[in-house]
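User: Please take me through the terms used for this model, and say what each one rests on.

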Amino acid sequence: MKLDVNALRYLSKEEYRVLQAIELGQKNHDIVPVPLIESLAKLRRGGIADCLKGVLRQKLVHHDNCKYEGYRLTTLGYDFLALKALLNRGAVSAVGQQIGVGKESDVFEVLDVKGERCALKLHRLGRTSFRAVKAKRDYLQHRSSFSWLYLSRLAAAREYAFMKALHAGGFPVPRPLDNNRHAVLMSLVDATPLYQVHDLQDVGGVYSQLMAVLSLLAERGLVHCDCNEFNVLVDEECKVTLIDFPQMVPTSHRNAQELFDRDVACITRFFSSKLKFISEGRCPDFKAIVRCANPDQALDIPLTAPGSRSPECDALSTYSMTDLAQHESSRSETDLERNTAEVWSGSKDTTYNC
Ligand code: ADP
Ligand code: MG
């Protein structure tokens, strides 16, 4: 998939305002009524109809007239708003090809203003398990309707916060660069996802690095919760980088031990079945790690952790947990499915737009 951002160049100020107005209106409406868009956009010379026509033609919004005349943003429309904000503040200068497609995200190669290659992850919560989200409406609390915009934005903010804390704590993760709406900008890791690696020069070393990272994470108060061959990148020197953090939980979470053991088991299973490596050492012991951990060393995460009282975090937590439960029963199939379209490329012939 290519994120065709050429239309961004031709988007008028008024059309941009209309997109922002629809985004604002979606806080309380699935479909934002035209009069509300008009009053939120506050266009000087009117002209709302032309603007709506323009953004509809560019597939940035979806038109609905079932109950009343209204619009909502499409995925592309939301992508545009995030990209435009990142372009405006000079974080991004061009968008290239897609380098990864996860179950709930699309990852693109982009250039920053200095022309350096970075990775832009666009969260797409609800893409694969929309029904699971709808079934758990209780977490919506004061909200009248479910919004993928809201959850995707929450996931991106959480991922960015975790990435910043982990990076500052010296963990092998991408460098966090920026966050806007559902987008996270980070350094591009020049490495291959573990599931694509067939033979590793230092298989034992890579396994030990992973066990050490998971143990150190628990020592600093966190569990990854989705540590598997799809979320580990390995470079030519066999150095690992961990990615994909929105679902992380603190070690105080009621299911932390189970989730930690599952991470360890996933990695151990992959190494034994695909890489034919069986470790002679003992697997890390969650209880022992937590018992010896120094609370003063816990990572400082600015966002409230899932499982806490915050309605926003509860929303994401409930969503992640539901999803994880489903995910677990069909992990290998889903993982394969979600990554079949994945293209890993460090190639120089990438074309950039903008
Ligand atoms: P999801 O949450 O949807 O699983 P991930 O964060 O795991 O998304 O990213 C999906 C894929 O995108 C990864 O498997 C990886 O190939 C690629 N990817 C993600 N982040 C980076 C990065 N910083 N550098 C290089 N590739 C990345
Ligand atoms: Mg992933």
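Analyst: By class, the shell around ligand 1 has 11 nonpolar, 4 polar and 5 charged residues. This is a predicted model, in which local features need pLDDT of at least 70, side-chain atom pairs count only at pLDDT 80 or more, and totals for chains, interfaces and linings use all residues. Residues are numbered from 1 along each chain as its sequence is written, and chains are lettered from A and ligands numbered from 1 in the order in which they are written.

User: What makes a residue count as nonpolar, polar or charged?

Analyst: Ala, Val, Leu, Ile, Met, Phe, Trp, Tyr, Cys and Pro are nonpolar, Asp, Glu, Lys and Arg are charged, and the others, Gly among them, are polar.

User: Which residues are closest to ligand 1?

Analyst: The closest are Gly100, Gly102, Ser105, Ala119 and Asp244, out of 20 that surround ligand 1. A residue is near if its C-beta atom, placed from the backbone, lies within 6 Å.

User: Why is α2 called roughly perpendicular to α5?

Analyst: Helix α2 (residues 13-25) and helix α5 (residues 75-88) pack at an angle of about 115°, with their axes 11 Å apart. Angles of 65 to 115 degrees count as roughly perpendicular, so α2 is roughly perpendicular to α5. Axes are lines fitted to C-alpha atoms over the stretch in contact, and angles run from 0 to 180 degrees between N-to-C directions. Helices are DSSP runs (H or I, at least four residues), numbered from the N terminus.

User: Which residues of α2 and α5 meet?

Analyst: Tyr16, Leu19, Gln20 and Glu23 in α2 meet Gly77, Phe80, Leu81 and Lys84 in α5, contact being C-beta atoms, placed from the backbone, within 7 Å. The residues of this contact divide into 4 nonpolar, 2 polar and 2 charged.

Definitions and conventions:
Helix = DSSP H or I, 4+ residues; strand = E, 2+ residues; numbered from the N terminus. Parallel < 35°, antiparallel > 145°, perpendicular 65-115°, else oblique. Contact = placed C-beta atoms within 7 Å.
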